[in-house]
Amino acid sequence: MQRIFIVLSSTDTTLAKSIRKCTGTEFSHTSLALDNNFEEMYSFSRRKTNNPFVGRFKKESFDTGIFAKSKQCLCQIYTAKVTEEQISKIKEKLDYFANSKKKFKFNNLGLFACWFKIIFPRKYKRVCSQFVSECLTYACPEIILPKHYWIMQPEDFKHVKNIDLIFRGQMQDIPKGLSEEEIESLIEKNKNYNPNEFKENRKRKK
């Protein structure tokens, strides 16, 4: 068995702040990592750091781009055990996106479709949460999404079944290279996390 990791992040870019304000959510970006050092991490995000409106499928790193400027941003990381066959299917899907990289673009209209819960398929357009959800749906049927992948938002990953929370904190403090024993310990430590905590606190403040 191997592990995959789902990374939620909350950077301080203008677009990310706008998304969180409009949706009333805590997180605005989702990435999928295939290793515990987060060196094989993928998503749909901006092509150039200073241009939020032109995006594509890309390999991400905590040391480059927007992440490099957001070391203190809040992150939340989930993990799930997967089989060799499931890893192969995820990589098959990643190869599909990589081989068609020039065709795939960031799904700007998809942001609004997600907000309004409108299933609006677009062959060569994705947002980050649609991409990660599509990979999970294709390869890991036991990982159950709360919504159709076309309307998944980053915040919705808090409610995905059969994934476990291992980290919540600043990006600069994300643990890397964890052993299986360390991961299991973090799962146990975070098992009482309330996924509705942010929403409940937001209501109280109102």
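Predicted model: local features only at pLDDT ≥ 70, side-chain atom pairs only at ≥ 80, totals over all residues.
**Exercise 1. Aromatic rings**

Determine which residues are linked into a cluster by ring pairs, and classify the geometry of the pair Y96 and F104.

Solution. 
Step 1. A cluster held together by ring pairs contains Y42, F44, F57, Y96, F97, F104, Y124 and F131.
Step 2. In total, the structure has 17 aromatic pairs.
Step 3. For Y96 and F104, the ring centres are 5.6 Å apart and the planes stand at 80°. Planes over 60 degrees apart count as edge-to-face, so Y96 and F104 form an edge-to-face pair.
Step 4. The pair F112 and W115 has its ring centres 4.9 Å apart and its planes at 75°, so this pair is edge-to-face too.
Step 5. Y96 has a relative accessible area of 33% and is partly exposed, whereas F104, at 0%, is buried. F112 is partly exposed at 44%, and W115 is partly exposed at 23%.

**Exercise 2. Helix α4**

Find which residues of helix α4 are buried, and explain why they are on the same side of the helix.

Solution. 
Step 1. Helix α4 spans residues 108–115, and its buried residues are G110, L111, A113 and C114.
Step 2. Around the helix axis these residues cover an arc of only 170°, which places them on the same side of α4.
Step 3. The cover over the buried residues of α4 includes α1 (14–23), β6 (105–106) and α5 (128–139).
Step 4. F112 and W115 also belong to α4; they are 3 residues apart, about one turn of the helix.
Step 5. Just after α4, K117 has a positive phi of about 60°.

**Exercise 3. Surroundings of Q86**

Is Q86 buried or exposed, and which residues is Q86 in contact with?

Solution. 
Step 1. Q86 is part of helix α3, residues 84–99.
Step 2. The relative accessibility of Q86 is 10%, so Q86 counts as buried.
Step 3. With neighbours within four places in sequence left aside, the contacts of Q86 are K81, A139, C140, P141 and E142.

**Exercise 4. The whole chain**

Compare the radius of gyration of the protein with that of a compact globule, then describe the overall fold in numbers.

Solution. 
Step 1. For 206 residues, a compact globule would have a radius of gyration near 17 Å; the value for the protein is 16 Å, which agrees.
Step 2. Along the principal axes, the C-alpha atoms fill a box of roughly 45 × 40 × 30 Å.
Step 3. The secondary structure consists of 7 helices and 8 strands.
Step 4. Of contacts between residues at least 6 apart in sequence, 64% join residues at least 24 apart.
Step 5. Of the 206 residues, 49% count as buried. The protein exposes about 10900 Å², and carbon and sulfur atoms supply 49% of that area.

Definitions and conventions:
Residues numbered from 1 in each chain as written. Heavy atoms only, no water. Buried < 20%, exposed > 50% of the residue type's maximum accessible area, 1.4 Å probe, protein only. Helix = DSSP H or I, 4+ residues; strand = E, 2+ residues; numbered from the N terminus. Arc of directions from axis to C-beta. Contact = heavy atoms within 4.5 Å. Rg over C-alpha atoms; globule rule 2.2 N^0.38 Å. Areas by Shrake-Rupley, 256 points an atom, 1.4 Å probe, with all protein chains shown as cover. Phe/Tyr/Trp six-rings, centres within 6.5 Å; stacked < 30°, edge-to-face > 60°.
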